[in-house]
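Let's take a friendly walk over the surface of this protein. We will look at a nonpolar patch and at some charged pairs.

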Amino acid sequence: MERARFAHQVAEKRRLIKQYKMERERQQKLEEEEEIKRLRKELIPKAQLMPYFDRPFVPRRSKKQPTVPREPKFCIPRHKTIKCCRMSCNDMSGPSQLQHLPSSVEKAEALYQQRGQLKEEQLMKKIQKLVGEEEKLRMPIAQGLPWTTDEPKCLIKPPVKKNTIPIDLKLHSDIRAVERARFAHQVAEKGRLIKQYKMERERQQKLEEEEEIKRLRKELIPKAQLMPYFDRPFVPRRSEKQPTVPREPKFCIPRHKTIKCCRMSCNDMSGPSQLQHLPSSIEKAEALYKNRILQ
C-alpha cells in the first residue's frame, strides 16, 4: 500500500510539473505574439500632416522698445589705479620729475580718468573715420573712357550652360512604403488562404457528418426476420465428447505457512493435558495440519 501511494504521489507530481511547463510555454508564446503585433503596428508608415494653407505664416513686428545706446563708462577700480600709478613712477627718472608725482590716491585717480578721456576721444575719431570710409565705398564712381579713337571691341559671350535636368530622387521612406505594402499584401493573402482552408475543412466535415447520419439511418431501418425452415426443424443432439472426470484437490501449503498455522493452533490449546500432545518436530505439525484439513 505504501509503495502504491508513493508511486501515485510521484505520478501526480510529474503530471503537475508537466502541466506547469506547458502553461509557461503557452504564456511565452502569447507574449511573443503580442510583441510581434506591437512591432508590426509601430513599423506601419504614418501619414504626415499637411500644412495649413488657409493660415500661412506671417512674421510680425516685435512689440519691444528699440534698444537705446548708452555712453561707455571707463571707470577703473581703485587697486588698478594704484598699480598704474606705481608703473608710471617707475618709468620716471631724475629729481625734477619725482617732484611732480601725485601725493595721494585721489590725484592718481584724476590722472587715470584724464587718460581714459583721451582714449575715448581716440576711439570716437577712429569710429568716425571708419564710417566715412564705408560711405565713400557706397557711392558708385563712373569709370572713364580710354583715351583712344578705336571702337570698343565686342566681348565674347561666355558659353551658355545647359538647363539642369532634375533627377528623380528615390527616398528611403518611399522604398520602405513599397516594401511595407508588399508585406501587407502577402499577410492579407495568407490570411485569406487560411480562411478559405478553414471553410473548406468545415464543409468537408459537414459532408462527412451528413454521410454518417444517412448511413446510420439506413442501418436503423427495421428489416423483416427470416422465416424458419418448417421442413427442417431443429432437433437437439447429444454431444459426442467424453464426460469430465473429477480430480481430487491438492492442498499443498508452503513450509513457512505450516509453521505459522502450528503456532496459532498451539495458542488456541489450553491445559497441561493438551500441551503434552504437541508435536515434537515440524514434520508432526505438517501431518497434524493435513489431517485437520482433510477432516
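## A nonpolar patch

To count towards a patch here, a residue needs over 30% relative accessible area and no salt bridge, and nonpolar side chains are joined within 5 Å. Keep in mind as you look that this is a predicted model. Leu123, Met124, Ile127 and Val131 together make a nonpolar surface patch of about 330 Å².

Take Leu123 as an example: its place is in helix α4, which covers residues 105-138. With a relative accessibility of 41%, Leu123 counts as partly exposed.

## Salt bridges in helix α1

The model has 9 salt bridges by the rule used here. One of them pairs Glu35 with Arg38, whose closest N and O atoms are 2.3 Å apart. These two residues are 3 residues apart in helix α1 (residues 2-42), so about one helical turn separates them. Glu35 is partly exposed at 36%, and Arg38 is partly exposed at 38%.

Arg38 also meets Glu42 in a salt bridge, at 2.6 Å from N to O. Here the spacing in helix α1 is 4 residues, about one turn of the helix. Glu42 is exposed, with a relative accessible area of 53%.

In helix α5 (residues 172-219), Glu219 and Arg215 lie 4 residues apart, about one turn. Their side chains form a salt bridge of 2.8 Å, N to O. Is Glu219 buried or exposed? Glu219 is exposed, at 52% relative accessible area, while Arg215 is partly exposed at 38%.

Definitions and conventions:
Residues numbered from 1 in each chain as written. Predicted model: local features only at pLDDT ≥ 70, side-chain atom pairs only at ≥ 80, totals over all residues. Heavy atoms only, no water. Patch = residues over 30% accessible without salt bridge, like charges linked within 9 Å, V, L, I, M, F, W, Y side chains within 5 Å. Areas by Shrake-Rupley, 256 points an atom, 1.4 Å probe, with all protein chains shown as cover. Salt bridge = Lys/Arg side-chain N within 4 Å of Asp/Glu carboxyl O. Buried < 20%, exposed > 50% of the residue type's maximum accessible area, 1.4 Å probe, protein only.
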